[in-house]
Amino acid sequence: MIISSDTPSGTHQAPSLKPRTAAQSGVPEVRIRGAGVVGTTLALGLSAMGIGAVIEKANRSSPDGEEVRAYAINHASQQLLERLKVWGAIPAAAICPVQDMDVYGDGKGGQLSFSAWQQKVDALAWIVDASALEAALHQALQFASHIRVDVPTVAADRATMAQGADLLVLCEGRDSAAREKLGVEWDVQSYGHSALAMRLVCDVAHAGVAQQWFLSPDILALLPCNQPEPGSSYAMIWSMPSEQAQQWMQADELAFEAHLQQTLQKAHHAGGGARTFKLAGARRVWPLHKGHAQRVSGQGWVMLGDCAHVIHPLAGQGLNLGLADVAELLRILSQRESWRSLGDARLLARYERARWGDIRAMTTVTDGLWHLFQNPMPWVQVMRNQGMGWLDRVDFLKKKCVEAALG
């Protein structure tokens, strides 16, 4: 997808939604479909700009009411939430700063370490409980002006989805039904892997250290957090072939803990010491793939977050990309010419062009790393692990990696 003019090019006619102003229709200027983190953050940002919005909120919860997800929030996302007065409303126990990050390969020399102290930053990232962040955002909605929370609507066709608003914003996630109604092609490729997520409690304090192992074919990450037990809990996400993920999703707790322990002991070829991990609650599993929409904007509509792009979670940047979408759209709307409507196609094309490079780069990096560590050739294994060791010794490049991750 290469966009070279104010109006994005393509091989098919762009779908469009005819705008109507709030003054003409008596409805808010922006309708946001999807009240997850991305959609809610956008609504709060619009409110701060004095722009009216309706956000469609669905009632949804985990199957048994227990949440195990955690988000890795980078510096740019943290600053956005801070400006919207949300960050300070998140309970302190739900936030854990990452001070160090250790990444291990699958062979000799495959080790890469990052330190917040060496990079002169407060933290490499913050691990935030998903439910706590979402609760803080939805609480903030109650006190935001110019915003109305609505129940989800089922659109009969693309011409009625905006319901008279100047701009329709789709933040429904990767399985967006509205995206399909707009006629936008969704290019998706399955990895054949699923993510298995859970909370663990360890007998050794985590000290703010995150760890990740490329185990070929698995990718396993331990993210330090403070719940359920402060200082010794981890949010774990384990990418593995889907059939195995389903097997371990259903396995007995003791059998799973034994399997996890054996895997980590084998993975500690680069050090780390013996630790004992215990499951602390439910397990969750979902399929992994990369995907992107062929178009993310048009006359009267724009797509943000997973509705527009999905990447492998190995870098922990999925939500950060979505929040960067929010920040950029807010910037574009705030700088629009007075005579342009919020849904002006040329205005939204500026947003699409501004985000294309960063999204393409992160997709390329995560997809490239995944495929690199899936390659079984012995010479490829040697090269990828030697490459990690070389990068670990080049401070300038490590600094660039940290800067990119911080946003």
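Q: Is His259 buried or partly exposed?
A: His259 has a relative accessibility of 21%, so it counts as partly exposed; buried means under 20% relative accessible area, exposed means over 50%, and partly exposed lies in between, with a 1.4 Å probe and protein chains only. This is a predicted model, in which local features need pLDDT of at least 70 and side-chain atom pairs count only at pLDDT 80 or more, while totals for chains, interfaces and linings use all residues. Residues are numbered from 1 along each chain as its sequence is written, and side-chain values use heavy atoms, with hydrogens and water left out.

Q: And which helix is His259 in?
A: His259 belongs to helix H7, which spans residues 253–267; helices (H or I, at least four residues) and strands (E, at least two) are DSSP runs, numbered from the N terminus.

Q: What does His259 touch, leaving aside its neighbours within four places in sequence?
A: With those neighbours set aside, His259 is in contact with Trp238 and Trp248, where contact means heavy atoms within 4.5 Å. Trp248 is eleven residues from His259 in sequence, and their C-alpha atoms are 9.0 Å apart.

Q: Where does H7 lie?
A: Helix H7 lies across S10, S11, S12, S13 and S14, and it runs at about 70° to S14; axes are lines fitted to C-alpha atoms, for helices over the stretch in contact, and angles run from 0 to 180 degrees between N-to-C directions.

Q: What is the strand order in the open sheet?
A: The open sheet has eight strands in the order S6-S5-S11-S12-S13-S10-S14-S17, with mixed pairing, and two strands pair if DSSP finds at least two bridges between them. S6 (111–115) and S17 (309–310) are at the edges with a single partner strand each, so one side of each has no neighbour in the sheet.

Q: How do strands pair in general?
A: Strands of a sheet pair through backbone hydrogen bonds, either parallel or antiparallel.

Q: OK, how many bridges join S10 to S14?
A: Strand S10 (residues 186–202) and strand S14 (residues 277–293) run antiparallel and are joined by 13 bridges; Ser190 stands opposite His289 in S14, and Ala197 stands opposite Arg284 in that strand. S10 also runs antiparallel to S13, with nine bridges between them, and there Leu196 stands opposite Trp238. Strand S10 is mostly covered, with twelve of its 17 residues buried.

Q: Last topic: at what angle do H2 and H4 pack?
A: Helix H2 (residues 37–48) and helix H4 (residues 130–141) pack at about 30°, their axes being 10 Å apart. They are therefore roughly parallel to each other, since angles under 35 degrees count as roughly parallel, over 145 as roughly antiparallel, 65 to 115 as roughly perpendicular and the rest as oblique.

Q: Which residues make that contact?
A: On the H2 side they are Val37, Thr40, Thr41, Ala43 and Leu44, and on the H4 side Leu133, Glu134, Leu137, His138, Ala140 and Leu141.
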